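Here is a short briefing to read alongside the sequence and the 3D view. Please keep both open as you go through the points.

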Amino acid sequence: MKYTGMPAGMWKIFRKSFRKALVTDLGYDSENASEIMKKACSRYKEIIEKLPEFEKEDRFKTNILSCAMFVSVLLSVYRRPTLQEATDYYEHAMTTKATKWFCKRAGKTKFSEKDIEAQKKTEALRAGDRNPYSWNMEYLPYEDGSGYEARFTTCGICVLMREYGFGDLIPAMCHLDYTMSEMGGASEFVREYTLAGGGPYCDCGYKKKKDGEGEKQVKKRKRSFSDNFGNPQGLLGRMMLTTMDKEHLPMAEWSFTQFEFPAQGNVLDIGCGGGYNIKRMLQKLPKGKIVGLDISEESVRKAKKVNKDELGKRVKILKGSVDKMPFKDERLDLVTAFETVFFWPDVESNISEVYRIVKPGGQFVVINNYGDPKIDWEKKVPCMKRHTAEEIGLYMGNAGFRGIRISKKDNLFCVVGVR
């Protein structure tokens, strides 16, 4: 693909917003942001040169160009962003005056004969058959006349993001579909599956908005997205659970060197999420049994699937809260809490509840990533309340744990207490 024309125009339109979001969302100073964008510009041109030309009728060229911009920045930043950071960054980088104008303009003709005709032409084109960086789509009108679904069976964004090693951050781009639908003002965006999340297809559903529902729906969607970090729900929750596995792997590997696993006995993993750490701990406990506890139904479902070979044998997954856990006193040899205490409703009293169920001589281990101290995480994720390793250690001591040990590596910390 030639850089001149639309690719160069896209860079000119969005370069300032992409630079600004480096400061506001990823915490870089202005000088570093400018340096990153300078490097990203060169990388963007290299990516464009490797892409094939899109057919004239293919309306997804702008989508792959925005993806190329995102990838070029990800290749140029000094540290890899988390999924939440990448989601915020991409949304704000793409939400310019030009984008808002385009979305409002498209919203005025949403569900019109012209819009439906365009959907049918895209379905018939099947550009993805000839271009791996384009899309194949089916147009599926709702039977009740409330809108339609655009069902994608191939996705150019998925191909390009994975090609450069950012498959785990694809959901950050998927999230923009909700934002653009809201800016258009004519439809409520709904989705059940994504190809990035392992679904059979990626569905983009557009339901006609009822009068007066717009603002209420915007607030509801944003609130539920941030809440997914403490209680994963729905599609975004499912994608988040899958992504967290990769993000938490280095933490798990390091933390396993910071405490001793019992040769046998009973282990509880509080806030087990998708159950990946349970699967890893099984290898450390050849004769032990593990129970996973999580408040999220999505997490429970995922954890059962991940550990299906040992489910009902050495693994049990339960839905429940750390407030009042379904275990008798002094029953557990080891209790772990990976990346979860920041979401506990009352950490000090919850740690006392953990103390109740740990056997004398048993361990309680808290592992967390404190995150970049320059970022106001509580503001970004309202359901989060950060605590330092020293605070966790103090709470453990107050509950009755002894021999408190704190170890740290970069932003990671591990606190171990013995009953």
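What follows is a tour of the chain, from confidence and overall make-up to single residues.

This is a predicted model, in which local features need a pLDDT of at least 70 and side-chain atom pairs count only at pLDDT 80 or more, while totals for chains, interfaces and linings use all residues. Residues are numbered from 1 along each chain as its sequence is written, and side-chain values use heavy atoms, with hydrogens and water left out.

**Confidence**

- The average pLDDT of the chain is 88, and 89% of the residues score at least 70; pLDDT is the predictor's confidence in each residue, from 0 to 100.
- Residues 212–226 have a pLDDT below 50, and this stretch has 18 contacts in the model beyond near neighbours in sequence. Contact here means heavy atoms within 4.5 Å.
- Where pLDDT is low, the predicted coordinates should not be read in detail.

**Overall make-up**

- You will find 16 helices and eleven strands in the chain. Both are DSSP runs numbered from the N terminus, with helices being H or I of at least four residues and strands being E of at least two.
- Of the 419 residues, 52% count as buried. Buried means under 20% relative accessible area, exposed means over 50%, and partly exposed lies in between, with a 1.4 Å probe and protein chains only.
- Among contacts between residues at least 6 apart in sequence, 70% join residues at least 24 apart.

**Helix H1**

- Helix H1 covers residues 6–24, and its 19 residues reach 27 Å from first C-alpha to last, close to the 27 Å expected at 1.5 Å a residue. The expected span is 1.5 Å times one less than the number of residues.
- A kink of about 45° in H1 is centred on Phe14; the bend at a residue is the angle between axes fitted to the seven residues ending there and the seven starting there.

**Strand pairs**

- Strand S1 (residues 136–141) runs antiparallel to strand S2 (residues 147–154), joined by six bridges; two strands pair if DSSP finds at least two bridges between them. Glu138 has Arg151 in S2 as its bridge partner.
- S1 and S2 make a hairpin with five residues between them, and Gly145 in the turn has a positive phi of about 75°.
- S2 is also joined by six bridges to strand S4 (residues 202–208), again antiparallel. Here Glu149 is partnered by Gly205 in S4.
- Strand S6 (residues 287–294) pairs with strand S7 (residues 315–319) in the parallel sense over five bridges. Between them the chain passes through helix H13 (residues 297–306), in a right-handed β-α-β crossover. Right-handed means that, with the strands pointing away from the viewer, the path from the first strand over the helix to the second runs clockwise.

- Phe111 is not a glycine, yet it has a positive phi of about 75°. Phe111 lies in the loop between H5 and helix H6 (113–125), and its 18% relative accessibility makes it buried.
- Asp410 has a positive phi near 55° and is likewise a residue other than glycine. Asp410 sits in the loop between strand S10 (402–409) and strand S11 (412–418); these strands form a hairpin with two residues between them. At 73% relative accessibility, Asp410 counts as exposed.

**Two residues with partners elsewhere in the sequence**

- Asn63 is in helix H3 and is partly exposed, with a relative accessible area of 28%. Beyond its neighbours within four places in sequence, Asn63 is in contact with Trp135 and Ile157.
- Asn63 and Tyr133 are 70 residues apart in sequence, with 9.8 Å between their C-alpha atoms.
- Met183 is in helix H9 (residues 176–184) and counts as buried at 16% relative accessibility.
- Setting aside neighbours within four places in sequence, Met183 is in contact with Thr95, Thr99, Lys100, Cys103 and Lys104. The C-alpha atoms of Met183 and Arg105 are separated by 9.8 Å, although the two residues are 78 apart along the chain.
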